[in-house]
Amino acid sequence: MQTINAASDPLYLAIVGAGTMGRGIAQIAAQAGVQVRLFDAKAGAAAQGVKDLADTFERLAQKGKLDPQAAAAATARLQPVEALTDLAPCNVVVEAVVEDLAVKRRLFAELEETVRPDCVLATNTSSLSVTAIAAGLKHPQRVAGFHFFNPVPLMKIVEVVDGLLTEPSVGDFLLQLGRRFGHTAVRAKDTPGFIVNHAGRGYGTEALRLLAEGVAEFHQLDRILRDTAGFKLGPFELMDLTALDVSHPVMESIYHQYYEEPRFRPQPLTRQMLAAGLVGRKAGRGFYRYADGQAERFDEAPASPARPPRVWVSRRHEPGHRCVVALVRALGGTLDEGARPAADSLCIVTPLGHDATTCAAAEGLDARRTVALDTLFETGRRRVVMGTPLTSAETREQARGLFGADGVPVSVIRDSAGLVAPRVVATIVNIACEIAQQRIAAPADIDRAVTLGLGYPRGPLAWGDQLGAPTVLTVLEQLHGTTGDPRYRASPWLKRRAQLGVSLLTDEE
Ligand code: NAD
């Protein structure tokens, strides 16, 4: 199919559906110099959309964020239309109507009868199959996904999705168009969740798994993941913000669309919360309770004055040993340098995917006096101490006192293979590796899409490289061994790159 160059002028874009997404797309298109026709099935909605956008441009100009002339020009490029047939001359149509397969299929069938033969038909669907939307059309090869995120002007990423029958030139055109809009455009195969909503499955589900295992309370898990892994929002804060009536069905849908893939398995808790109406911030209660828009606060336990008489540090994981020894010295603790711990020493282990119990057992340590410290993630903002089921209250208090001696908060958690952050991040890296392995998207596009679409501190593949692919693999293998849960089986992409000693971003010819 011969498609027009997305850089050409004038370029005519039609948007069907003048709701949240349609308006957002219209805004960035008009600002990028594209002529926009907006249509909505609801009478007057397109005109209202254009009026609201004109107000937006004016406000941006008043705030000095947009040149007044550019604002006026952008407004002039927006035209509301009241009939689908008014879209006939357009070069590309972007559909942003309700997320309903039958509605979208009917609309595309009508559009096919209306627009020019070389007009590209794009859908902003986030959860439906592009291939299914195009099925039954006379020319399914001109249909592709063009998936933006809300709010469109701020979320500078768009996924261009090739259906099974989409002609490559159609996706090429949409990539160019997305870039013309000033967005980062990435390309994905038509698969459930595309890139962003697929890669995003690890964070919430693994945090829910940790909660279900009783490793820590939800607010402790939020703090740990924010402070040690660098996530902007903890997983439970995020679920409360997104609202469970939106995120729980997505969790279930992706899980079922991948035929019950254990990596995406949701937890019963969110379904129950949904049934109880505890959907999140907008309902006044989700994981947290909200009053006047503020989440309830969970105060941290005050720093403990307790100190261990001496500290013995396991040498099984050399980098972990070095990290703890340096920390204990800096905190004024007394090191027990013996080959075996003295009778009154606090024993510190630094697991790599193991739980504290396994570490204590492997070295014949007294489990009552043993705790683990997470040394794989940031220890400057928070320290994570993990006990065995037998670790005494006195030992926990001594560890909390020692590791909090400089005022850094300490989280004390129950035993977990992979602690908290290593476990959650390894899960995220593994899912990204599997997306690359299934050739759903190129490795660099996976990282770009996740950083921009999910706001994670790093792209998952680069994050895996930073931790070291062999480390991520070990964490997953230990988790798999301890739990027996196929959720933690490592992707072949990760295994091969760990074995070869190369970056997780290494593609295969
Ligand atoms: P919305 O409810 O805000 O807007 C949908 C608009 O489409 C409404 O104005 C409605 O009147 C109109 N409409 C419905 N059926 C129509 C039809 N047959 N013909 C013309 N107009 C019709 O919805 P939204 O949030 O903008 O979502 C639109 C699409 O974008 C959906 O497919 C959704 O899954 C997808 N999406 C939404 C988000 C988001 O965060 N809101 C993010 C990414 C993708």
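In this predicted model, the largest pocket has a volume of about 1,500 Å³. Its lining is made up of 50 residues, and those that lie nearest the centre of the pocket are F149, N197, T242, V246 and V250. Several helices contribute to this lining, and α11 supplies the largest share, with 9 residues.

| Helix | Residues |
|---|---|
| α1 | 20–31 |
| α7 | 196–199 |
| α8 | 201–212 |
| α10 | 235–242 |
| α11 | 244–257 |
| α17 | 443–454 |

Turning to the interior, nonpolar side chains tend to be buried together in soluble globular proteins. Here the largest nonpolar core has 102 residues, and L111, F231, F236, F287 and L494 are those with the most contacts inside it. Helix α16, which spans residues 421–437, gives the most to this core, with 11 residues. Leaving aside residues up to four places away in sequence, L494 touches N430, C433, A469, V472, L473, L476 and L504. Another core, of 42 residues, lies apart from the largest one, and A6, L66, V158 and A185 are among its members.

The model also contains an open sheet of 5 strands with mixed pairing, arranged in the order β11-β12-β13-β14-β15. The edge strands, β11 (310–313) and β15 (410–413), each pair on one side only, and the twist from one strand to the next averages 30°. Strand β11 runs parallel to β12 (residues 345–349), to which 4 bridges join it, and W312 has C347 of β12 as its bridge partner.

Definitions and conventions. Residues are numbered from 1 along each chain as its sequence is written. This is a predicted model: local features need pLDDT of at least 70, side-chain atom pairs count only at pLDDT 80 or more; totals for chains, interfaces and linings use all residues. Side-chain values use heavy atoms; hydrogens and water are left out. Two strands pair if DSSP finds at least two bridges between them. Helices (H or I, at least four residues) and strands (E, at least two) are DSSP runs, numbered from the N terminus. Axes are lines fitted to C-alpha atoms, for helices over the stretch in contact, and angles run from 0 to 180 degrees between N-to-C directions. A nonpolar core is a set of buried Ala, Val, Leu, Ile, Met, Phe, Trp, Tyr and Cys residues joined through side-chain atoms within 4.5 Å. Buried means under 20% relative accessible area, exposed over 50%, partly exposed in between (1.4 Å probe, protein chains only). Contact means heavy atoms within 4.5 Å. On a 1 Å grid over the protein atoms alone, a cavity is a set of points where a 1.4 Å probe fits but cannot get out, and a pocket is an open set with protein on both sides within 12 Å along at least five of seven lines; lining residues have an atom within 4 Å of a point. Grid points are joined across faces, edges and corners, and a volume is the space filled by probe spheres set on the points.
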